[in-house]
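This report walks through a few local features of one protein model. Please keep the sequence and the 3D view at hand while reading.

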Amino acid sequence: MNLAYLDLFNHVELNENTVNVLVIENKKLFREMIQQFMQSLLGLESKWVLSDKGKLVSLNKVAILVNDPLNLDMNERKLLDGLYNEMASIGMSEVHYMDTIQIQNALQAYINNVIHDVDFPFLELGDMSLTNLFKLANVHFEDYSSEPLEKISNYCSLCSRFKKCRLIVFVNLKTYFSDEELKEFYKDMAYKKISLLLVENREFCELDNEITTTIDSDLCIVKC
């Protein structure tokens, strides 16, 4: 995949084996680029352009932005929706199909009986889909990670699997973690085939497998 920012740079090549670090020293540009990325995630027009093998890709379908890596919601709605959809697919598979139909029919009969006893003319049974049943059961992710970076890694794995994310963009991740911690994190993300882009507001020592692009305060690209 290739990521470009209109009127500034043509492309940053994204893959699982390298970590792209974009250093933006100009505060106004730093703010603008983050805001533009947030717009693209809402499906709005943006200066960010993502392509894959020459074809445009909507960022809101394959990417997420992490502004606060220490405050992640493992049970955000889109993650749970992805989980429930996968569970529903499993529930309707050959292995579980008969149990699923039995349970749905039993619940429908039970709720209809209760509705009948309420004796009110405007009551009607709603959607009894498997996804709604899993929501009713409050199936959710439980985070047992002991370290912040472990939680971040788990969150990235969830986004890759249940939101189909191929690119995760972090803002100032290097501020929070040591070089050694980041190296281990990079290895984990490469193993899971997740592409990373780190957007930083100042330069750090370049680590193995990092490719750094620096845009100085005069908006000149001084290193690629």
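## Basis and the first hairpin

Two strands are said to pair if DSSP finds at least two bridges between them, while helices (H or I, at least four residues) and strands (E, at least two) are DSSP runs, numbered from the N terminus. The model is predicted, so local features need pLDDT of at least 70 and side-chain atom pairs count only at pLDDT 80 or more, whereas totals for chains, interfaces and linings use all residues. Residues are numbered from 1 along each chain as its sequence is written, and side-chain values use heavy atoms, with hydrogens and water left out.

Strand β1 (residues 2–5) pairs with strand β2 (residues 9–13) in the antiparallel sense, over three bridges; E13 of β2 is the bridge partner of N2. Three residues lie between the strands of this hairpin, in which D7 takes a positive phi near 70°.

## Helix α3

Helix α3 (residues 77–91) has 15 residues and should span 21 Å at 1.5 Å a residue, which agrees with the 20 Å between its end C-alpha atoms; the expected span is 1.5 Å times one less than the number of residues.

The buried residues of α3 (under 20% relative accessible area, with exposed over 50% and partly exposed in between; 1.4 Å probe, protein chains only) are L79, L80, G82, L83, Y84, A88 and G91. Their cover includes α4 (97–118), α5 (130–136) and α6 (148–162), where contact means heavy atoms within 4.5 Å.

## The loop residue Y176

Y176 lies in the loop between β7 (167–171) and α7 (179–191), and counts as partly exposed because its relative accessibility is 38%. Not counting residues up to four places away in sequence, Y176 touches P69 and L70; the C-alpha atoms of Y176 and P69 are separated by 8.5 Å, although these residues are 107 residues apart along the chain.
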